[in-house]
Amino acid sequence: MKTLRLLPLIVSVSLLTACGVDQNATTPDELSTGAAELATKGKFETFVGKDGQTYFHLLAGNGEKVLASQGYASTSGALDGVASVKANGASELRYLLRESSNGASYFVLTAANGAIIGTSEMYASASNATRGIATVMKVVKATVETGAAQVQSDARFEIFKGLDGKYYFHVKAKNGEIVLQSQAYTTKASANAGVSSVQTNGGVASRYAVTPAADGSFYFVLKAANGQVIANGETYASKSNAERAVGSCVTLLTGTVLR
């Protein structure tokens, strides 16, 4: 598993991928905003996980989760983590590119003492992850809003369109946590087909595979019957934590998930 320090990045909206707008969104399950609002509408959200710990994630202006934390014993601890992300997230030197055991790429944001304070989603390539860093730097610089994630009566699928012109979806649990994120799709119709595939396969435990990432952490992927990866989770500090997260996803996706 590789660990690389990044070369200086050019932060430009034209380089951002997997975060963007859908100008034609009309349905409630689809997130939409103007391109100029991508960074300025970002938000840090805190939520309490099933383990009783408090977490935070950073959402871009279109609602996509671009950075996630590990657990904190209290809400005040999580808010201290948010403050650390704000203090360090605008510096390219604080980001490290990682590669998981199956070749997927992601990045971590570190504090001055080297502690990991945020982890990205998984990307298909290192170049996509590098562009994702540019996104996070821009969002962190402009984001001032911090609050508790909205508690929902039901979990739901949300679809959005990236600045790369591709479509994505994620699954948001009742507590506001984003527990699954999709791969890229070329059309909205294919993204909807991906949602249907997650609905079909997400309640089957054997469709999940827990995979080593870097730094001793783990994440999981959800596969269709043909073996194709259709969604993945975030990284977890231990294999057992990732396995518990799989169990939670299976339970969630056998229940009611709006779309």
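How much accessible surface does the protein have, and what share of it belongs to carbon and sulfur atoms? After that, please take me to Asn232 and its surroundings.

Mentor: This is a predicted model. The accessible surface of the protein comes to about 11000 Å². Carbon and sulfur atoms hold 53% of that. Of the 259 residues, 51% count as buried. The protein has four helices and 15 strands. Among contacts with a separation of 6 or more, 55% are between residues 24 or more positions apart.

Now to Asn232. This residue lies in strand S14, residues 229–232. Asn232 counts as buried because its relative accessibility is 5%, and the cut-off is under 20%. Its side chain makes a polar contact of 3.0 Å with the side chain of Gln183. Beyond four places in sequence, Asn232 also touches Met122, Val179, Leu180, Gln181, Tyr219, Phe220 and Val221.

Leu180 and Phe220 are among the residues with the most contacts inside the largest core, which has 29 residues. Strand S14 supplies at least two residues of this core, and so does each of S9, S10, S11, H3, S13 and H4. Helix H4 gives the most, with seven residues.

Leu252 is another of the residues with the most contacts there. Beyond four places in sequence, Leu252 is in contact with Ala155, Val171, Ala173, Val179 and Val257. Val179 is also touched by Asn232. Apart from this core lies another, of 22 residues, among them Tyr95, Leu97, Ala111 and Ile133.

Methods: Residues are numbered from 1 along each chain as its sequence is written. This is a predicted model: local features need pLDDT of at least 70, side-chain atom pairs count only at pLDDT 80 or more; totals for chains, interfaces and linings use all residues. Side-chain values use heavy atoms; hydrogens and water are left out. Buried means under 20% relative accessible area, exposed over 50%, partly exposed in between (1.4 Å probe, protein chains only). Contact means heavy atoms within 4.5 Å. Accessible areas come from the Shrake-Rupley method with a 1.4 Å probe; for residues, only the protein chains shown count as cover. A polar contact is a pair of N or O atoms within 3.5 Å; within protein, one must be able to donate a hydrogen and the other to accept it, and residues adjacent in sequence count only if both atoms are side-chain atoms. A nonpolar core is a set of buried Ala, Val, Leu, Ile, Met, Phe, Trp, Tyr and Cys residues joined through side-chain atoms within 4.5 Å.
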